[in-house]
Each structure stands twice: as C-alpha cells, then as structure tokens.
Amino acid sequence: MTLLVKVTLIAALTFSIIIPFGSFLLGSKTKGRYKISLGFNCFLFFGTLLLSNILLYGGGASAAAEVDAAASATGLGYLAAALVTGLSCIGGGIAVASAASAALGAISEDSSILGKSLIFVGLAEGVCLYGLIISFMILGQL
C-alpha cells in the first residue's frame, strides 16, 4: 500500500473516534447531535472497511496466490473466533441483565427463592461460556 492510502485509512479511523467524542463533550446533549455524530462515525468506520477491502482484494493475481489464500483463511478464522466470542458475550449480557433484575425483584419479595433465581442467572452466563468454548475450538483448527 502506498503511504497516501495508509495515511488516509489512519486518518479516517482516527476521525471516526475523535469527532463523535468531541461532539459529545463540546456540544449540547440533544438527540439530533447524537444522530449526526453516530451517522458520521458509521460513515467513516464502514467507509474505511470498504476502502481497505477494495485495496486488499482489488489487486491482480500474483505468484503468491496460494500464500494469500492461506493467509486469508487464517484471517477469516480469527475473525470468526472474535465474532463468536463478542456476539455470545453481548447476548449473554442482555440475558443476565434481564434475569438478574427479575431475580432481585423476586428475592426482595420472597427470600426463599434465592437458589432458583441464581440458577437462571447462571444459565444466562453460560451463553458466554459456550461462545468462548466455540472460539477456542475455531482457534484450535487454525
């Protein structure tokens, strides 16, 4: 990649972080400001991803195509492991938030159901552990 492309990608990623936080800290806390800030952040982030994919896969065929395919498969494996871990933890967090708040409400009315409510919270946390196990299985195949 040329120096100009690298500088452009770094600048876009930096601005996608600095501008929303700067807008939040300096501006008034209105709903319209959040939408503009989020829209600009998404535009720069996904634009950077699109530009980097075009530059990565836009080149012609080369003699090292097999090495590139193996490196691409390894990279996609790491991406899959990251997505499995991240999405399962997000889902587990949502489940724990719902189950724990309901359990606290139920325990405040009747303290004898503490064990039953902890089981439901533990089952919700299990979703995160299953995602982590699958992630380790994916990383073991690489």
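1. A residue is called buried when its relative accessible area is under 20%. By that criterion, the buried residues of helix α4 in this predicted model are Ser117, Val121, Ala124, Gly126, Cys128, Gly131 and Ser135.

2. The length of helix α4 may be checked against expectation. The helix covers residues 114-141, and its 28 residues should span 40 Å at 1.5 Å a residue.

3. Cys89, by contrast, is partly exposed, with a relative accessibility of 37%.

4. How many disulfides does a search of the whole structure find? The search returns zero. A disulfide is a covalent bond between the sulfur atoms of two cysteines. For Cys89, the nearest cysteine sulfur is that of Cys128, 4.2 Å away. For Cys128, the nearest cysteine sulfur is likewise that of Cys89, at 4.2 Å.

5. The surface carries a nonpolar patch formed by Phe15, Ile17, Ile18, Ile19, Phe21 and Phe40. Together these residues have about 580 Å² of accessible area. Helix α1, residues 3-26, supplies the largest share of the patch, namely five residues.

6. Ile18, one of the patch residues, is found in helix α1. Is Ile18 buried, partly exposed or exposed? Its relative accessible area is 48%, so Ile18 is partly exposed; the term exposed is kept for values over 50%.

Notes:
Residues are numbered from 1 along each chain as its sequence is written. This is a predicted model: local features need pLDDT of at least 70, side-chain atom pairs count only at pLDDT 80 or more; totals for chains, interfaces and linings use all residues. Side-chain values use heavy atoms; hydrogens and water are left out. Helices (H or I, at least four residues) and strands (E, at least two) are DSSP runs, numbered from the N terminus. The expected span of a helix is 1.5 Å times one less than its number of residues. Buried means under 20% relative accessible area, exposed over 50%, partly exposed in between (1.4 Å probe, protein chains only). Patches are made of residues with over 30% relative accessible area and no salt bridge: like charges are joined within 9 Å, nonpolar side chains (Val, Leu, Ile, Met, Phe, Trp, Tyr) within 5 Å. Accessible areas come from the Shrake-Rupley method with a 1.4 Å probe; for residues, only the protein chains shown count as cover. A salt bridge is a side-chain nitrogen of Lys or Arg within 4 Å of a carboxyl oxygen of Asp or Glu. A disulfide is a pair of cysteine sulfur atoms within 2.5 Å.
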